[in-house]
Amino acid sequence: MNKQSVVLFFCHVLLLAGMSFSHSTCTGYWTLLQDAIGISAMHMQLLHNDRVVMFDGTDLGPSNVSFPKAKCSRIYNGRRIGFDCTTHSVEYDVATNSFRPLAIQSSMWCSSGGAVHYGALVQTGGFKAGDRTVRILKPCRGCDWEEIPMGLLTRRWYATNHILPDGSQIIVGGRNSFSYEIFPKPASFYWHLAETKSAAKAYSLPFLVQTNDGEIENNLYPFVFLHIDGSLFIFANNRAILFDYSKNRVLKAFPEIRGGNPRNYPSTGSAVMLPLDLQAKSIEVEVMICGGAPKGAHIKARNGIFVKALKTCARIKITSPNPKWLIEIMPLPRVMGDMLLLPNGNVLLINGGSFGTAGWELGRKPVLNPVLYRPNKPPGARFEMNAPSKIPRMYHSTAILLRDGRILVGGSNPHPVYNFSGTLFPTELSIEAFHPSYLDPQFLALRPTILTPWSQMMLLHGQTFKVEFTVIDELDPTEVSVTMLAPPFNTHSFSMNQRLLVLGVGNVTTNIWPDLKYEVEVSAPVGSNIAPPGFYLLFVVHQCIPSEGIWIQILG
């Protein structure tokens, strides 16, 4: 059976199940990249050298990639100290489809992080002895993790990070941590490992106490987004606030999502800030949250009763004077799914299950079909079913966008150790790529190719620049846009720091000598509230078909 036949078969199965979707259903396709990378990719971050950093936790037992004895790490299992001579972190080279082991000395399990202004991954917190550790990985050949023990002021496990306008990171929440802190302290913008320190204090955040459901919690890995005025939108459990972190003050409380069902870990949904149109007279900021589990689902799952996941998404315009949640219905229920922004402004929902919750072996019935969401279509026509994977991606799975437009997918380990047999969902060491429909061969002639600027171009806020590109087929100048995307840190169904900015639409000029090519002039975002300093992927989009991205660096 060929690929198209397999796709049609799954589409017919869904139709027979009574599920509705658009006429262009089950688009896109999958490719397996590696049968095993030695670890389960619980966390992912794409860096500007086109390497993807992945890691799980040192508490899972020996991985499938061994280290020389000199790099063995000391581990403590609660009873005794031992040594683990295997890696729990790898760096994946996208261009060569290869990976190399990285050395970590403390557990990064269920941690958080982000790529900072000079391109390094700064990762914070983790489990047990690693819960106050800060780790830095610079994007250079042969570089490895550098660790700062006690780099945080309090334990950060299941916390969320976000890059701030000055280039520092705010770390929000974590298990039994109802506070936030900033790393490093905002005064030291240009910092080196030896000089790095946390802010002077951790600040209390009562909102995290108010949204905590006791033993169940339902507010871990809160959804945090930087608003265009420099404040933070923080969503936890079933409601949100607009928060001025510099003054430790709540600016606005948003209404609860209708029904009051939880959306954060362990009733894990996902969230995105929808694309920001920087050409609009007044920039609208809209947040969308999808999936999760009903009230009480986590306790029931622990008792062997697996409740169907939520099928709803909720959108809210946080710039509206009277913001309200608008509810939409997904084609499929989904818990532990990921929401990814695509270069053309659409949103991809991928991974997860349709029953149960996050937690050890508490999810059931994997959702193999990604679903495309097109936010600018009319209600009722926004969702599109995509082609299914063959590999379940349940608890501890990940997904990120690559520069070429593919979606890298990995992980899935709903066990406290590596477990490859005798279980419903074995630990998954493979990585695969989902190719959205814009990569289908039939659209190749519409796909732009960027000629200039060169990748790694540096820009100042507000700087005007030109993008030169070609298209094989005839160009429709009214269907051209330029977008830039901040590559996120992905774990536990949330992509931290993810944001897509639409720099310009139209305004295309044509040059016919010596070869036919096109040029569009755009401006970089005007300030760091909209685009914090750092590396972004820049795309030209033609008729919803994006080019390969190039890297640009927004300077602080």
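Predicted model: local features only at pLDDT ≥ 70, side-chain atom pairs only at ≥ 80, totals over all residues.
Close-up A. Lys 365 is placed over the face of Phe 355, at 4.8 Å from the ring centre. Arg 364 likewise lies over a ring face, that of Phe 306, at 4.0 Å from the ring centre.

**Close-up B. The tilted pair of Phe 225 and Phe 233.** In the pair shown here, the ring centres of Phe 225 and Phe 233 are 6.5 Å apart and the planes stand at 40°, so the pair is classed as tilted. Phe 225 and Phe 233 are both buried.

**Close-up C. The stacked pair of Tyr 265 and Tyr 395.** The ring centres of Tyr 265 and Tyr 395 are separated by 6.1 Å and the planes meet at 25°, so this pair is stacked. Tyr 265 belongs to the loop between strand 19 (249–253) and strand 20 (270–273), and Tyr 395 to the loop between strand 30 (383–385) and strand 31 (397–401), so the pair ties together parts that are 130 residues apart in sequence. Tyr 265 is buried, with a relative accessible area of 7%; Tyr 395 is also buried, at 4%.

**Close-up D. The aromatic cluster containing Tyr 265 and Tyr 395.** One aromatic cluster is formed by Trp 109, Phe 127, Trp 157, Tyr 158, Tyr 221, Tyr 265, Trp 360 and Tyr 395.

Close-up E. Trp 513 sits in the loop between strand 41 (508–511) and strand 42 (517–523). Its relative accessibility is 73%, so Trp 513 counts as exposed.

How values were computed. Residues numbered from 1 in each chain as written. Heavy atoms only, no water. Helix = DSSP H or I, 4+ residues; strand = E, 2+ residues; numbered from the N terminus. Buried < 20%, exposed > 50% of the residue type's maximum accessible area, 1.4 Å probe, protein only. Phe/Tyr/Trp six-rings, centres within 6.5 Å; stacked < 30°, edge-to-face > 60°. Lys NZ or Arg CZ within 6 Å of the ring centre and 35° of its normal.
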